[in-house]
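Subject: Structure for your files

Hello,

The structure we discussed is below. Please look it over before reading the notes under it.

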Amino acid sequence: MIRSQETRRRTVAVLRILGIAAAYYFSGRLGLLRQVEVEGAIVSPLWPPTGISLAALLYLGIRAWPGIALGAFLTLITLSGGHLSLSGSGIAAANTVAPLCAYLALRAVGFRTELDRLRDGVMLVFLGAMGGMLVSATIGSLALVLNGDLGADNFWQVWSAWWAGDAMGVLMVTPLLLVLRRARLPRKGDRWLEASALAVVAVGVTSVATRSPLAMIYLLFPVLVWAALRFQLAGSAPCSLLMSVMAIIAGTGRAGPFSGNTMLQVMLNLSILNACVALTALLLAAIVTEHNNIMRETELACEELAALVEELAPRPDTDGPPGGAEGLPGGA
C-alpha cells in the first residue's frame with residue numbers, strides 16, 4: 001500500500017513536470033509566431049512562457065521549476081535547429097531563474113493569488129513582472145554578448161526589448177491563469193448577456209483601434225474600464241490579453257497606427273501600449289475587488305452587530321405588575 005502511494009505520487013510529479021514543460025514549449029511557439037529581430041537578436045513583444053512559469057510556481061510552489069527548465073531548454077533547442085550553444089544554455093537558465101526570483105519575491109511579501117487586494121496587483125506588476133524579468137533580460141543579453149552573437153554597442157536595445165517581452169508575458173498571462181483557477185460552471189444569475197456584449201464590443205473596438213490609420217488606440221481604455229468595473233479580473237484579464245495580441249499582430253504587420261515606423265519604434269510603442277493596458281486592467285480590477293470585499297465585510301459586520309444588539313436589548317415584561325385591582329388588600 002505504501003509502495004503504491006509512493007509510485008502514484010512520483011507519477012503525478014512527473015506528469016506535472018511534463019505538463020508544465022509542454023505548456024511552456026507550445027506557448028513559446030505561439031509567442032514566436034510574431035517574433036521580431038532587434039539588432040540581430042530574435043525577441044517577442046509578448047513572451048507567454050514567462051507568465052505560464054510564474055503561474056505554475058504560484059500554483060505548485062518551488063517544485064514546478066524542473067518543468068520550467070525542461071520547457072526552456074526544449075524551446076531553445078528548437079530555435080537553434082537541434083543543437084544548444086553556450087549562449088542558448090545561458091538563455092534557458094535565465095528563463096528558468098527569472099520566474100523563480102519573481103516567485104520568491106512575491107512569496108516574501110505575502111502575495112495572494114486571489115488578486116483581491118490592490119497591493120497584490122502592485123506587487124505582481126513591480127516584483128513579478130518588472131523586477132523579476134530583469135534577471136532573464138540581463139543574463140540572456142549578456143550570454144549573447146559573451147558568445148559573440150551580439151555586439152556590446154547593441155546591448156541595451158536588445159535588453160530593453162527582451163525585458164519588455166518577458167514582463168508583458170507576466171502581466172498578460174499570469175493574471176488570466178490565476179483567474180482560471182477559480183473558474184466554475186455557469187449559474188442562472190450570471191450576467192451572460194452583458195458578458196457577451198462586452199466580448200463583442202472588445203473585439204470590434206480593438207480591431208478598429210489597432211487597424212485604423214487614425215490615432216484611436218485610446219478607445220481601448222473605456223472597454224477595459226467596463227470589464228474591470230463589472231467583472232473585475234475575470235473580465236479585464238481576457239480583454240487585456242485580446243487587446244495585446246491584436247495590437248502585436250497589427251504592429252508586427254506595420255498596420256494602422258504602426259505603419260511607417262521602424263521595428264524598434266514598433267517595439268517601443270507596443271511595449272508602452274501593452275504596459276498601459278495591463279496596468280489598467282490589473283490594478284483597476286484589484287481596486288474594485290478590494291472595494292467589494294470591504295463592502296461585504298462591512299455589511300456582514302453590521303448584520304452581526306444588529307443581531308447582538310437585539311439579543312442584549314432588555315425585553316418588555318408582558319406578565320403585568322404583581323397584584324392588581326382585584327389583588328389589593330381590603331375591599332370597597
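The notes below cover the helices, the core, the aromatic rings, the cysteines and some backbone angles.

This is a predicted model, in which local features need pLDDT of at least 70 and side-chain atom pairs count only at pLDDT 80 or more, while totals for chains, interfaces and linings use all residues. Residues are numbered from 1 along each chain as its sequence is written, and side-chain values use heavy atoms, with hydrogens and water left out.

The largest nonpolar core has 80 residues. Such a core is a set of buried Ala, Val, Leu, Ile, Met, Phe, Trp, Tyr and Cys residues joined through side-chain atoms within 4.5 Å. Buried here means under 20% relative accessible area, exposed means over 50%, and partly exposed is in between (1.4 Å probe, protein chains only). Leu54, Phe111 and Leu124 have the most contacts inside the core, and the helix that gives the most to this core is α7, with 14 residues. Helices are DSSP runs of H or I with at least four residues, numbered from the N terminus.

Leu54 is among the buried residues of α2. Leaving aside residues up to four places away in sequence, Leu54 touches Pro99, Ala102, Tyr103, Leu106, Leu124, Gly128, Val170 and Thr174; contact means heavy atoms within 4.5 Å. Helix α2 (residues 48-60) has 13 residues, which should span 18 Å at 1.5 Å a residue, and its end C-alpha atoms are 18 Å apart, in agreement. The expected span is 1.5 Å times one less than the number of residues. Eleven of the 13 residues of α2 are buried, so the helix is largely enclosed by the rest of the structure. Gly61 follows α2 and has a positive phi, near 85°.

Aromatic rings

Four aromatic pairs turn up in a search of the whole structure. Tyr25 and Phe26 are edge-to-face because their ring centres are 5.4 Å apart and their planes are at 80°. Trp159 and Trp163 are stacked, at 6.1 Å centre to centre with 0° between the planes. The rule pairs rings of Phe, Tyr and Trp (its six-membered ring) if their centres lie within 6.5 Å; planes under 30 degrees apart count as stacked, over 60 as edge-to-face and the rest as tilted.

Phe26 is exposed, at 55% relative accessibility. Trp159 is buried at 17%, whereas Trp163 is partly exposed at 23%. These two tryptophans, Trp159 and Trp163, are four residues apart in helix α7 (residues 155-180), which means that about one helical turn separates them. Together with Phe155 and Trp156 they form one aromatic cluster.

Arg191 lies over the face of Phe231, 4.8 Å from the ring centre. That call requires NZ of Lys or CZ of Arg within 6 Å of the ring centre and within 35 degrees of the ring normal.

Cysteines

The count of disulfides is zero, where a disulfide is a pair of cysteine sulfur atoms within 2.5 Å. Cys101 is partly exposed at 32% relative accessibility, and Cys302 is partly exposed at 47%.

Most residues other than glycine have a negative phi. Leu115 has a positive phi, near 50°; it sits in the loop between α4 (86-108) and α5 (118-131) and is buried, at 3% relative accessible area. Gln232 also has a positive phi, near 55°, and lies in the loop between α9 (220-231) and α10 (233-252).

Regards
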